[in-house]
There are 4 protein chains.
Amino acid sequence: MDEQNELAKKVVEKMMQDDLFSHWLGIQILEIKEGYSKIKMKVRKEMINGLGIVHGGIAFSMADSAFAFACNNRNNLSVALDTSINFIKPVHVDDELVAEAKEIHNGKSTGLYQISITNQRNHTVALFKGTCFRTNKTLL
Amino acid sequence: MDEQNELAKKVVEKMMQDDLFSHWLGIQILEIKEGYSKIKMKVRKEMINGLGIVHGGIAFSMADSAFAFACNNRNNLSVALDTSINFIKPVHVDDELVAEAKEIHNGKSTGLYQISITNQRNHTVALFKGTCFRTNKTLL
Amino acid sequence: MDEQNELAKKVVEKMMQDDLFSHWLGIQILEIKEGYSKIKMKVRKEMINGLGIVHGGIAFSMADSAFAFACNNRNNLSVALDTSINFIKPVHVDDELVAEAKEIHNGKSTGLYQISITNQRNHTVALFKGTCFRTNKTLL
Amino acid sequence: MDEQNELAKKVVEKMMQDDLFSHWLGIQILEIKEGYSKIKMKVRKEMINGLGIVHGGIAFSMADSAFAFACNNRNNLSVALDTSINFIKPVHVDDELVAEAKEIHNGKSTGLYQISITNQRNHTVALFKGTCFRTNKTLL
């Protein structure tokens, strides 16, 4: 298990290095384990939509990064097939978001993950789920 | 109908003006009609993920903007409840994407929209659907 | 809380009485609380599909019943808007399934629920989520 | 193409023969082509839920059958991974439903299908989408 977690960290370190959009989002890694990730980011003004609240694409993008970091970290390159997100509470500028990705199913060819996003008041603002396809290529 | 389409254009003009994240994405409006929108954007380098292709959040964000422009444009403020996206083909830097939002159902309290994203070779790269809740507040 | 749970039980008792399809499925109520339900059923031969395993509609139908029993039980008539289900493991004839519905969000106008279905070996066979719209009509 | 359509019909004939739940539903095949299916059924009293309208599981089950008939009919055994359904209008006893499954994407390892269900007044009552995984086993 420790070895698996070490591998998971190395894979995500490599992914994060090349992930320019996650850099733009300001994503920071909090914890990586096999099939698991926890990340944070702070919402900035350029992330709002035309209604004055944070664009739904920001919460989705954060969850999608957490999903990618969780589902790829056994060093088995995996691509998102079908994802969905429920928007539960509005997100505002300066909110500090945490996304936690948990593995629901680790299949040979596909996987299922659930990601919750909470704000600084520990309210769940969005719930994401994602199904990925495993290519059996490596990342490292 | 013409009057409705005029209103639709005005609502989206106002939304777009304040939508800083759609600006960052480089979204341009191609066509607005009642319950309908068509937009385009060009993919830039800072939009890639850790696997060298475009981050799933970019396609989602573009579709979510098209969704918002379609579902709000009767001047009835509507918020996204539940959305999903299927990723069909990878998106690359310099791709020119078009998102078209069509209304499947215009209910009194909720609405259902489908958004397809195609690239410059007219391949569908992603399919999005979104359910919104109508607040009965106005935008203009 | 006890009063709420008493009301929840009465609402579901009434719903179950009239729910002819849940009768056909063989659904039995295990536990009802405010915003929560737990039910069971045993899979029969007439529930299989053309591939010899249980039809996906059976797992969905069971989850949808659990969803209805959870989201309606504050005596606020609620209708399903958008639901999804992930199929994790095949279900077989004679399997004994338990579906547990938990409330993720209880909004004024909408709600979000998650339902997991497990078999007699305590394996999760399917994961369902549902968004409902609250009509503010009563059931009792 | 004609040959492919002939194969498609044979595969679905075999599937339908063994599909006891589709029999219970009263499903009849209207048209089968490669990657496509169209089926019909009439709603019976034992299909209602506790609110007096037709149980959501019935529309889902019908769509799921149409999905299976479309995604398996190249004789490549395919299993549902992730499906969702939006409920647009209530369905009533004696309604005559038609479900039409169209292929959005036919990938090597996965596929994406969309199924619309209409009633006898040609109103869309539900919209389903499904992602399947292709096992590369045969059905015939």
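**Note on the sheet, the helices and the chain pairs**

1. In chain A, strand E1 and strand E2 (residues 36–42) run antiparallel and are joined by 5 bridges. Within this pairing, A:Ile32 stands opposite A:Ser37 of E2(A). The coordinates discussed here and below are those of a predicted model, and the points that follow should be read with that in mind.

2. The pairing of E1 and E2 belongs to an open, antiparallel sheet of 12 strands, whose order is E1(A)-E2(A)-E4(A)-E5(A)-E6(A)-E3(A)-E3(B)-E6(B)-E5(B)-E4(B)-E2(B)-E1(B). The edges are formed by strand E1 (28–33) of chain A and strand E1 (28–33) of chain B, each of which pairs on one side only. From one strand to the next, the twist averages 15°.

3. Helix H3 (residues 56–71) of chain A packs on this sheet, where it touches E1, E2, strand E3 (78–87), strand E4 (96–106), strand E5 (110–118) and strand E6 (124–134) of chain A, and also strand E3 (78–87) of chain B. The direction of H3(A) makes about 135° with that of E5(A). In chain B, helix H3 (residues 56–71) lies across E1, strand E2 (36–42), E3, strand E4 (96–106), strand E5 (110–118) and strand E6 (124–134) of chain B, together with E3 of chain A, and runs at about 135° to E5(B).

4. Where do chains A and B meet within the sheet? E3(A) and E3(B) pair in the antiparallel sense over 5 bridges, and in this pairing A:Asn86 has B:Asp82 of E3(B) as its bridge partner.

5. Taken over the whole interface, 30 residues of chain A are in contact with 30 residues of chain B. On the side of chain A that touches chain B, two or more residues come from each of helix H1 (2–18), helix H2 (20–25), H3 and E3 of chain A, and E3(A) gives the most, with 8 residues. By class, the residues on that side of chain A divide into 14 nonpolar, 10 polar and 6 charged.

6. How are chains A and B related to each other? The same surface serves both copies, since 100% of the contact residues of chain A recur in chain B.

7. Strand E3 (residues 78–87) of chain C pairs with E3(D) in the antiparallel sense over 5 bridges, and the bridge partner of C:Ser84 in E3(D) is D:Ser84.

8. Across this second interface, 30 residues of chain D are in contact with 30 residues of chain C. Helix H1 (2–18), helix H2 (20–25), helix H3 (56–71) and strand E3 (78–87) of chain D each supply at least two residues of the side that touches chain C, with E3(D) giving the most, at 8 residues. That side of chain D has 14 nonpolar, 10 polar and 6 charged residues.

9. Chain D can be laid on chain C by a turn of 180° and a shift of 0.0 Å along the axis, with an RMSD of 0.0 Å. Of the residues of chain D, D:Ser84 comes closest to the rotation axis, at 1.9 Å for its C-alpha. Here too the same surface serves both copies, and 100% of the contact residues of chain D recur in chain C.

10. In chain C, helix H3 (residues 56–71) has 16 residues and reaches 22 Å from its first C-alpha to its last, which is close to the 22 Å expected at 1.5 Å a residue. Because 16 of the 16 residues of H3(C) are buried, this helix is largely enclosed by the rest of the structure.

11. A last point concerns E5(B), which is mostly covered, 7 of its 9 residues being buried. E4(B) and E5(B) run antiparallel and are joined by 8 bridges, with a hairpin of 3 residues leading from E4(B) to E5(B). B:Gly111 of E5(B) is the bridge partner of B:Asn106, and B:Gly111 also stands opposite B:Cys132 in E6(B). E5(B) pairs with E6(B) in the antiparallel sense over 9 bridges; the hairpin of these two strands has 5 residues between them, and in it B:Asn122 takes a positive phi near 65°.

Notes: Residues are numbered from 1 along each chain as its sequence is written. Chains are lettered from A and ligands numbered from 1 in the order in which they are written. This is a predicted model: local features need pLDDT of at least 70, side-chain atom pairs count only at pLDDT 80 or more; totals for chains, interfaces and linings use all residues. Two strands pair if DSSP finds at least two bridges between them. Helices (H or I, at least four residues) and strands (E, at least two) are DSSP runs, numbered from the N terminus. Axes are lines fitted to C-alpha atoms, for helices over the stretch in contact, and angles run from 0 to 180 degrees between N-to-C directions. Two residues are in contact if their C-beta atoms, placed from the backbone, lie within 7 Å. Ala, Val, Leu, Ile, Met, Phe, Trp, Tyr, Cys and Pro count as nonpolar, Asp, Glu, Lys and Arg as charged, and the others, Gly among them, as polar. Copies are superposed by least squares on the C-alpha atoms of residues with pLDDT of at least 70 in both. The expected span of a helix is 1.5 Å times one less than its number of residues. A residue is buried if 20 or more other C-beta atoms lie within 10 Å of its own, exposed if 12 or fewer, and partly exposed in between; C-beta atoms are placed from the backbone.
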